Amino acid sequence: MSPLKVLVTGAQGFVGRYLVQALLRHEHEVVTAGHRCAYDIDLTDKLAVFRCMKEVRPDAVVHLAAVSNVPYAWEHPAQAVEVNVSASIYLLEAFAQMQPQGTFLFVGSSDAYGLTAKAGRPLVETDLCQPQNPYAISKLCAEQMMLQLGHRLGVRVLATRSFNHFGPGQAKGFVVSDFASQIAAVERGEQEPVLRVGDLSAARDFTFVTDVVAAYVALLETKGIAPGIYNVCSGQTHEIYEVIDGLLQFSLVKIKVAKDPERFRPSEVPRFVGSAKKLQEATGWRPRVPFLEGLGRVLEDWRQRVE
Ligand code: GDD
């Protein structure tokens, strides 16, 4: 396909950095917008968004920027709506003015399924969404708004529901990074040889970050793809104790595992599994990085990081 000029928001985040690299490798032109980006603008400032879009005139947008921290969104629900919903609207409206035939990729969350995940079977895009926290509610609201506005304005909107992802560069607070960072600290002699963990019985559908961004690029590059919702997930479930087992295989020292009540959560969806069938059939995308290899790469990254 001919190279696209892609406007990326959230380019400074964990996923954004990988996405920019992947787009450049595919010879697309990338322009970044948002805090600390080439266009250093506040995405909730409608005028600034319209001005930026007019100057850049991208062929496509990938909108990653969001309030994505669930506890933070509980504390600041109005801000979650302003950033996750209003800024998305401004971007889509501004884009539609410049490029009514373009593609707008909205990155959403599997958290939108909420309670429905309790069914334990792989979730499909037509399943009922029952979001359980302000972050998930705002993402679902934005997703639906993007799809309806896109339809009205003629822009092709692709909205992902992205499941758990992991990889080098991810912050603490996510399970793989939380465990790998502790193992690296023990290896350096900075922590007693005990891995503190929360609930190990839960199961999640993990995808390595390079595979996640490959899915976003595939969605952008697939000619004639139908607008709508696409799960981005591996379709494979891993119980959290498998994360520990996997990481400990690479550990250079012997480490005990201890339950830490502080790491348990008040409410927990036990299994969160998706079906990637729709994405795979539409784009031919397949995850490439095996789970264990991905875990090893995260641990290696934490060994190199100086905190
Ligand atoms: N973070 C963390 N730290 N989780 C732990 C720990 C620990 O020490 N011990 C056990 N867990 C369990 C959690 O209780 C949860 O069941 C599972 O590991 C995964 O936790 P996270 O990596 O924090 O991810 P999450 O599933 O709660 O949420 C993430 O994925 C969603 C997509 O489904 C976040 O990225 C959400 O923003 C996202 O929407």
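A nonpolar core, as used here, is a set of buried Ala, Val, Leu, Ile, Met, Phe, Trp, Tyr and Cys residues joined through side-chain atoms within 4.5 Å. Keep in mind that this is a predicted model.

**Stop one: the largest core.** Select Val8, Leu19, Leu23, Val62 and Tyr216: of the 40 residues in the largest nonpolar core, these touch the most other members. Now colour the elements that give two or more residues to this core: strands E1 (5-9), E3 (60-63), E4 (103-109) and E10 (228-232), plus helices H1 (14-25) and H7 (209-221). H7 gives the most, with 9 residues.

**Stop two: Tyr216.** Zoom in on Tyr216 and show what is around it. Leaving aside residues up to four places away in sequence, Tyr216 touches Val15, Leu19, Leu64, Leu105, Val107, Thr160, Ser162 and Val232. Apart from this core lies another one, of 32 residues, with Phe50, Phe104, Leu147 and Ile229 among them.

**Stop three: helix H4.** Select residues 77-98. These 22 residues make up H4, which reaches 31 Å from its first C-alpha to its last, close to the 32 Å expected. Its buried residues include Ala80, Val85, Ile89, Leu92, Phe95 and Met98.

**Last stop: Leu149.** Jump to helix H5 (residues 134-153), where Leu149 lies. Is Leu149 buried or exposed? Leu149 counts as buried because its relative accessible area is 16%, and buried means under 20%. Which residues does Leu149 touch, not counting those up to four places away in sequence? Show Ile89 and Leu92, and you have them. Finally, draw a distance from Leu149 to Ala96: they are 53 residues apart in sequence, yet 9.5 Å apart in space, C-alpha to C-alpha.

Key
Residues numbered from 1 in each chain as written. Predicted model: local features only at pLDDT ≥ 70, side-chain atom pairs only at ≥ 80, totals over all residues. Heavy atoms only, no water. Helix = DSSP H or I, 4+ residues; strand = E, 2+ residues; numbered from the N terminus. Expected span 1.5 Å × (residues − 1). Buried < 20%, exposed > 50% of the residue type's maximum accessible area, 1.4 Å probe, protein only. Contact = heavy atoms within 4.5 Å.
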